[in-house]
Amino acid sequence: MNFQLLQLGLPRIIRRNLEKEQYYNAFQEYGDNASTRAKGNIIFLELMESLHKRLGYLKGTVIIRLSVFIRQDGLSAPAVTNATRRQSIPAFR
């Protein structure tokens, strides 16, 4: 899959061990229901995270830890963590 992404000019994605079970469950869902929704969502989120990371480095954006971001802005840690997981804020691990 990463080879195909590179051919399209997109960055590679990294799937962490913690996410592999969810990824393999998406294969099972496809086998059971012929549904690509779960797999598509997983790949979308991984690709968005990868793009945010590369754009941050290319733009020279100051990159800070999520814990610092939460403290500075007085935000709710669970809310911010969920937002990063959904990639609704430009964050990466």
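**Figure 1. Alanine 34 in the loop between helix 2 and helix 3.** Alanine 34 counts as exposed because its relative accessibility is 55%; exposed means over 50% relative accessible area, buried under 20%, and partly exposed in between (1.4 Å probe, protein chains only). The model shown is predicted: local features need pLDDT of at least 70, side-chain atom pairs count only at pLDDT 80 or more, and totals for chains, interfaces and linings use all residues. Residues are numbered from 1 along each chain as its sequence is written, and side-chain values use heavy atoms, with hydrogens and water left out. Phi of alanine 34 is near 55 degrees, a positive value in a residue other than glycine. Most residues other than glycine have a negative phi.

**Figure 2. Packing of helix 2 (residues 17-33) and helix 3 (residues 37-59).** The two helices pack at an angle of about 145 degrees, and their axes are 8 Å apart. Axes are lines fitted to C-alpha atoms, for helices over the stretch in contact, and angles run from 0 to 180 degrees between N-to-C directions. Helices (H or I, at least four residues) and strands (E, at least two) are DSSP runs, numbered from the N terminus. On the helix 2 side the contact involves Glu19, Gln22, Tyr23, Ala26, Phe27 and Glu29; these meet Ala38, Lys39, Ile42 and Glu46 in helix 3. The residues of this contact divide into 5 nonpolar, 1 polar and 4 charged. In this count Ala, Val, Leu, Ile, Met, Phe, Trp, Tyr, Cys and Pro are nonpolar, Asp, Glu, Lys and Arg are charged, and the others, Gly among them, are polar. Contact means heavy atoms within 4.5 Å.

**Figure 3. Threonine 84 in helix 5 (residues 77-86).** Threonine 84 counts as buried because its relative accessibility is 15%. Leaving aside residues up to four places away in sequence, threonine 84 touches Leu66, Ile89 and Ala91.

**Figure 4. Glutamine 87 in the segment after helix 5.** Glutamine 87 has a positive phi of about 60 degrees although it is not a glycine. With 10% relative accessibility, glutamine 87 counts as buried.

**Figure 5. The protein chain, with 5 helices and 0 strands.** From the N terminus on, its elements run α-α-α-α-α. The C-alpha atoms fill a box of roughly 45 × 30 × 20 Å, taken along the principal axes. Buried residues make up 23% of the 93 residues. Of the contacts with a separation of 6 or more, 54% come from residues 24 or more positions apart.
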